[in-house]
There are 2 protein chains.
Amino acid sequence: MKIAVLGTGGVGKAFAKRLTELGHQVCLGTRDVNATLEKTGASSVSEFMSNNPLVKLNTFAGAASFGELIINASKGEHTPEVITAAGIDNLSGKIIIDISNPLDFSNGMPPSLIPKWSNTNSLGEEIQKMIPGAKVVKTLNTMWNGLMLNPTQLAGGDHINYICGNDAGAKEQVINLLKEFGWKAENVLDLGDITAARATEATLPIWLRIYGAKKSGAFNFKIIG
Amino acid sequence: MKIAVLGTGGVGKAFAKRLTELGHQVCLGTRDVNATLEKTGASSVSEFMSNNPLVKLNTFAGAASFGELIINASKGEHTPEVITAAGIDNLSGKIIIDISNPLDFSNGMPPSLIPKWSNTNSLGEEIQKMIPGAKVVKTLNTMWNGLMLNPTQLAGGDHINYICGNDAGAKEQVINLLKEFGWKAENVLDLGDITAARATEATLPIWLRIYGAKKSGAFNFKIIG
């Protein structure tokens, strides 16, 4: 499948690599291709492109136009701008997997949540409101990216991933992709429509505190009972 | 130990019953003793008092004065009023175990969090600010009250309870009480000072969504990894 990954940070690059290994055609989307490629050195996009020659790189709009399925891996605080840059027309009618979180770094560490996109709203809903014709599916946003893409490395994959969104068929298709990553269907808990993103995004504060206590992100929650 | 339980709802009564079974002297605190006792029938305080004759009932101030240790089991939205009614002098110097959550029912179900007491603040911190001389310890607020008091009924007790507060000695004493309930020390995760209450209180939205999906509160989280 042709998949656009919006965002070239660590999470976006990890998705691009894994999806390519699984046989998908991947295009990373970025604000300014030349500016992105000008940066060199460890963890740079230019280095990543050299090591992953099958991955394409384009503007947000170019990537969104290419993708049959879209993954939003942009930083939460920038997501609405990224969606606007990608173009509503390029996104309408498509499934958008949103893995972002509305983290607010303006009050120091650990980050809090951006007030206008939390509690009685969420980034997942905000994207859905921006593109009524898209099928936004929120998932994978409650854990370290290493686990998102390779869940079986921890406890054989027996830990929890939430999914929510307004379109049942879209959620089914996303679950099929999650299975390619190694997720078992019984560990993907459907919490209903996209308003449940309020809850999954709100797990970040506890995740960050546990991360602080354990000094490692290689953990996840399991629901007992 | 003499323990005051502020709040006569389901959670407060469950604490009073369990603590009495464990040999503690318990006084429930309520706003208006006569008004509380006037209500009769199933789940009423008057019925509870008949069935649990060792439990005392007094005003918030009377209970707070009685207790060497205080448990705040009032509804989050009323907690600051309850603390004021209990009296700062009656609470200063004591450990206050805060199990409340700042749930906001004004936007429909499931509830959101009360904005002024969430995200960059919390109810736990609010109580600590109101009574600088008290040692507020937040714990047990992330699960069904049946599990708080009898954790071993689920998976032998192998699921998570968070604890936070500014005073290490107070947390140690609270962990001793948690052990009486059946908690193993290794399942009580210390997240640091009372600001971590922002994170534990913020787990309510996901708890409520899972509760909605499972139609049962008899579950808890376990941290894997």
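For the symmetry stop, copies are superposed by least squares on the C-alpha atoms of residues with pLDDT of at least 70 in both. Before you click: this is a predicted model, where local features need pLDDT of at least 70, side-chain atom pairs count only at pLDDT 80 or more, and totals for chains, interfaces and linings use all residues. Residues are numbered from 1 along each chain as its sequence is written, with chains lettered from A and ligands numbered from 1 in the order in which they are written.

Show both chains. A 180° rotation with 0.0 Å of shift along its axis puts chain A on chain B, RMSD 0.0 Å. The two copies are thus related as by a two-fold rotation axis. Which residue of chain A comes closest to that axis? Select A:Lys222, whose C-alpha sits at 2.5 Å. Opposite A:Lys222 stands B:Lys222 in β11(B).

β11(A) and β11(B), residues 220-224, run antiparallel and are joined by five bridges; strands pair if DSSP finds at least two bridges between them.

Next, colour the contact: 31 residues from chain A and 31 from chain B, counting C-beta atoms, placed from the backbone, within 7 Å. On chain A, β7 (112-113), α10 (197-201), α11 (204-214) and β11 (220-224) each supply at least two residues. The copies meet through the same surface, because 100% of chain A's interface residues are also interface residues in chain B.

Technical notes:
Two residues are in contact if their C-beta atoms, placed from the backbone, lie within 7 Å. Helices (H or I, at least four residues) and strands (E, at least two) are DSSP runs, numbered from the N terminus.
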